[in-house]
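Thanks for sending this one over. Here are my notes on its sheet, point by point.

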Amino acid sequence: MTEEHVQQEETDQVAEEQPEQEVDDRLLRLAADFENYKKRAARERQEYVQLANERLIAELIPILDDLERALSAAEEHQEAQLEEGVRLVHRSLAGLLERHGIRPIETEGKFDPHVHEALLSQPSEAEEGSVIDVVQKGYKLGERVVRPARVVIAAPPPAREEPEGSA
């Protein structure tokens, strides 16, 4: 064989190996893309379920608020049977929400704009920016805020005017 024939055979052999490597690379990429698609589809399904639950829960929360108000009113009127019945319904509904991942938002301490909605600020002896009253409870579904807690926050106490002539 001549030197040209040897070089030609080597070139042909390299040309045959390249398409096999390209096919292998494409198959590996296709398999990786498919795995990514499956993971993304599973994540989207989970988000759809959570979104559907969030809508239902947003409708149930006002019922919980009404029951809390009824409990407060019933305590004042000494109607023990009414109070116990309303308390039972309240406990059942609160338990249902808790089983589905609903948690009340903590309102102790500093105001957090991610989970609290400030309705107003009032002068107070408490630390400025801390929550001093809860007007309406807030709730979370997992880490997502379904309804922010509506709160009153502490403003600095009013500045006292110094009497004239004390300077």
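The points below go through the sheet and its strands.

1. A word on the basis: this is a predicted model, where local features need pLDDT of at least 70 and side-chain atom pairs count only at pLDDT 80 or more, while totals for chains, interfaces and linings use all residues. Residues are numbered from 1 along each chain as its sequence is written, and side-chain values use heavy atoms, leaving out hydrogens and water.

2. The sheet is open, with three strands in the order 2-6-3 and mixed pairing. Strand 2 (116-123) and strand 3 (131-136) are the edge strands, each pairing on one side only. From one strand to the next, the twist averages 30 degrees. Strands here are DSSP runs (E, at least two residues), numbered from the N terminus, and two of them pair if DSSP finds at least two bridges between them.

3. Strand 2 and strand 6 run parallel, joined by seven bridges.

4. Strand 3 and strand 6 (residues 149-155) run antiparallel, and four bridges join them. Gln 136 has Arg 150 of strand 6 as its bridge partner, and Val 134 has Val 151.

Terms used
Axes fitted to C-alpha atoms, helices over the stretch in contact; angles between N-to-C directions.
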